[in-house]
Amino acid sequence: MKLFYATFAGVIAAFISMMFLERLGHSLFPLPFKVDPNNIGALADKLHLIPVQMYISVVVAHGLGLLIGLLIAQAIDKTSKISLYIIAGFFLIGTIANLSMIPHPMWFAVADIAVIALVGLLMIRKPVASN
């Protein structure tokens, strides 16, 4: 049961943290134009106008959000890494899906995947507490 609670709490914490940190980044580095977020074509046409700082703030938000979620999962289940694998895998797949559906610059896609993978691997490699 600990595995379920750790995984559930970690996913929720990571998601909420990412959303909060992304909103913070968007408030610090707002879009220089108005666009309908449901119109991918309009967004793709204006992609080159998005400031680099905004992209960087999103990569940082994804990395920190995942780290928070993994730390919470690890705090709940100190003896197993299974929840960490599940959470990191879930967010890696979600990141790849997002990148394939919404246009992004190539450097951002590489950086975002690298940060998610790096945070996941570093947390998974961290030793677990012994019984």
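Phe29 has 31% relative accessibility, so Phe29 counts as partly exposed (buried is under 20% relative accessible area, exposed over 50%, and partly exposed in between, with a 1.4 Å probe and protein chains only). This is a predicted model, where local features need pLDDT of at least 70 and side-chain atom pairs count only at pLDDT 80 or more, while totals for chains, interfaces and linings use all residues. Residues are numbered from 1 along each chain as its sequence is written, and side-chain values use heavy atoms, leaving out hydrogens and water.

You'll find Phe29 in the loop between helix 1 and helix 2 (40–45); helices here are DSSP runs of H or I with at least four residues, numbered from the N terminus. Ile50 sits 21 residues from Phe29 in sequence, and their C-alpha atoms are 9.2 Å apart.

Now for the surface. Met1, Phe4, Tyr5, Phe8, Ile12, Phe15, Ile16, Met19, Ile68, Ile72 and Ile76 make up a nonpolar patch with about 1100 Å² of accessible area together. Helix 1 (2–28) and helix 3 (52–76) each supply at least two of its residues, and helix 1 gives the most, with seven. Ile76, one of the patch residues, lies in helix 3 and is partly exposed because its relative accessibility is 32%.

Helix 3 also packs with helix 5 (residues 106–125), at an angle of about 20 degrees and with axes 10 Å apart. The two helices are therefore roughly parallel (the word covers angles under 35 degrees).

Key:
Patch = residues over 30% accessible without salt bridge, like charges linked within 9 Å, V, L, I, M, F, W, Y side chains within 5 Å. Areas by Shrake-Rupley, 256 points an atom, 1.4 Å probe, with all protein chains shown as cover. Salt bridge = Lys/Arg side-chain N within 4 Å of Asp/Glu carboxyl O. Axes fitted to C-alpha atoms, helices over the stretch in contact; angles between N-to-C directions. Parallel < 35°, antiparallel > 145°, perpendicular 65-115°, else oblique.
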